[in-house]
Amino acid sequence: MHTNDMIAFEHLTVRYPAAKGQNKPMAAVEDVSLTVPQGTVCAIIGPSGCGKSTLLKAVAGLIEPSAGRVRLAGRAADPKSACIGFMPQNYGLLPWQTVRGNILLGCRIRGLWHEGRAADEERLQKLMAELHIEEFSARYPRELSGGQQQRVSLARAFLLRPDILLMDEPFSALDAITREEMQDVFLKLWQQEHITTLLVTHYVEEALYLGQHIVVMGAHPGHIARIIENPLGGRAEVRGTQEFFEMGRGLREEIRRISRENTENTGKEGQA
Ligand code: ADP
Ligand code: MG
C-alpha cells in the first residue's frame with residue numbers, strides 16, 4: 001500500500017456463521033482488495049446483498065475478517081487507533097436525546113467535547129448554522145423530518161473530525177430533491193475537511209457526484225467487479241453538465257454489464 005492510503009482492504013473475505021440446517025455459508029465478500037487514498041471519497045455501488053455494509057463494518061471493526069485484513073493508515077484496523085465516524089442507514093440518532101445531545105454524542109464518548117469551552121461551542125454553532133439546524137437544538141429526533149434528521153447525523157459525524165467517515169446509504173430514505181440538497185451539504189463540508197470517506201450508495205448519480213473513486217461490486221459472493229477513477233467526483237459545478245450526463249450513462253451501462261456477467265456466471269438472478 002502507498003503511504004497516503006487511509007483504508008486498505010487486503011484480500012478480505014468475510015463469512016458469516018451458517019444458519020441452522022445450512023452447509024458452509026457463501027462468503028458475504030470474497031477476496032476484496034481496495035485502497036482508498038487519504039482525503040478522498042470512495043463510492044461503493046452494487047446490488048443488494050453484495051456485501052457493501054459488510055465492508056463498512058469490517059472497517060469499523062464490528063466484524064472479524066475470515067481471511068485477509070483491513071489496514072487503516074498502515075496499521076491493523078482498530079477502532080481505538082483511528083477515529084471513525086459511522087453513519088448508519090437509519091441515521092443512528094438516539095430518540096431520548098435532543099438534537100444537541102445527539103450531535104455531541106460521538107465527541108463526548110471520545111472525550112473530545114469540553115462543555116463550556118468557547119472554541120468547542122463556536123465550532124458546534126458554526127456547523128449547526130451551516131446545516132440549518134440551529135433552531136432545532138432542543139428538539140428530539142421524532143420532531144424532525146427525515147432530511148433534518150440526516151443533517152443532525154451529518155453534524156455529529158463532522159463535529160468529530162474523524163480520520164475516516166463511513167456512510168451506509170445515507171441519503172436513500174430521502175426524496176429526490178432533499179437527497180440532492182444533502183449531497184451538496186455533504187460536499188460543502190467535505191471540501192472543508194477532506195475526510196476520507198467510504199460512501200455506500202444505490203444511486204449512480206450520487207456515486208458520480210461525490211466519489212473520486214467508484215467501486216462497482218458484484219454478488220454471489222460479494223466481490224469488486226470494477227474500480228473506476230472519476231475526475232468529476234467532489235466537484236459541485238459538474239452537476240447538470242453534458243459531461244456528467246455522459247459519465248452517468250456510461251456507468252449505468254457498466255453496471256448492467258456486470259450484473260449480466262454475474263447472472264451468467266452464477267445462474268442467479270442479477271438484481272439492479
Ligand atoms: P449489502 O449491504 O450490499 O446489501 P450486506 O453486507 O448487508 O450486503 O450482506 C452481504 C451478505 O451477507 C448477504 O447475503 C447477507 O444476507 C449476508 N449477511 C449480512 N449480515 C449477516 C449476518 N449478520 N449473518 C449472516 N449473514 C449476513
Ligand atoms: Mg447494506
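The shell around ligand 1 consists of 4 nonpolar residues, 5 polar residues and 1 charged residue. Please keep in mind throughout that this is a predicted model.

Which residues surround ligand 1? They are Tyr16, Ala28, Pro47, Ser48, Gly49, Cys50, Gly51, Lys52, Ser53 and Thr54.

Let me now turn to individual atoms in this shell. A polar side-chain atom of Lys52 is placed 2.8 Å from an oxygen atom of ligand 1. For Ser53, a polar side-chain atom is found 2.9 Å from an oxygen atom of the ligand. Cys50 takes part through its backbone: one of its polar backbone atoms is 3.2 Å from an oxygen atom of ligand 1. How much of the ligand does the protein bury? Ligand 1 exposes 560 Å² when taken alone, and the protein buries 55% of that area.

I move on to the division of the chain into domains. Domain 1 comprises residues 1-35 together with 53-74, while domain 2 covers residues 85-197. Over C-alpha atoms, the centres of the two domains are 27 Å apart. To the contact between them, domain 1 contributes 8 residues and domain 2 contributes 7 residues.

How is the extent of such a contact expressed? The size of an interface is often given as the accessible area lost when the parts come together. Here, the area buried between domain 1 and domain 2 is about 680 Å², and carbon and sulfur atoms account for 84% of this area. On the side of domain 1, Met6, Ile7 and Leu56 supply 63% of the area buried against domain 2, more than any other three residues.

How many salt bridges and polar contacts cross this interface? There are 0 salt bridges between domain 1 and domain 2, and the count of residue pairs in polar contact is 1, with both residues at pLDDT 80 or more.

Terms used:
Residues are numbered from 1 along each chain as its sequence is written. Chains are lettered from A and ligands numbered from 1 in the order in which they are written. This is a predicted model: local features need pLDDT of at least 70, side-chain atom pairs count only at pLDDT 80 or more; totals for chains, interfaces and linings use all residues. Side-chain values use heavy atoms; hydrogens and water are left out. A residue is near a molecule or strand if one of its heavy atoms lies within 4 Å of it. A polar contact is a pair of N or O atoms within 3.5 Å; within protein, one must be able to donate a hydrogen and the other to accept it, and residues adjacent in sequence count only if both atoms are side-chain atoms. Accessible areas come from the Shrake-Rupley method with a 1.4 Å probe; for residues, only the protein chains shown count as cover. Ala, Val, Leu, Ile, Met, Phe, Trp, Tyr, Cys and Pro count as nonpolar, Asp, Glu, Lys and Arg as charged, and the others, Gly among them, as polar. Domain bounds come from an automatic or database domain assignment. Contact means heavy atoms within 4.5 Å. Buried area is the accessible area (1.4 Å probe) that two parts lose on being put together, summed over both. A salt bridge is a side-chain nitrogen of Lys or Arg within 4 Å of a carboxyl oxygen of Asp or Glu.
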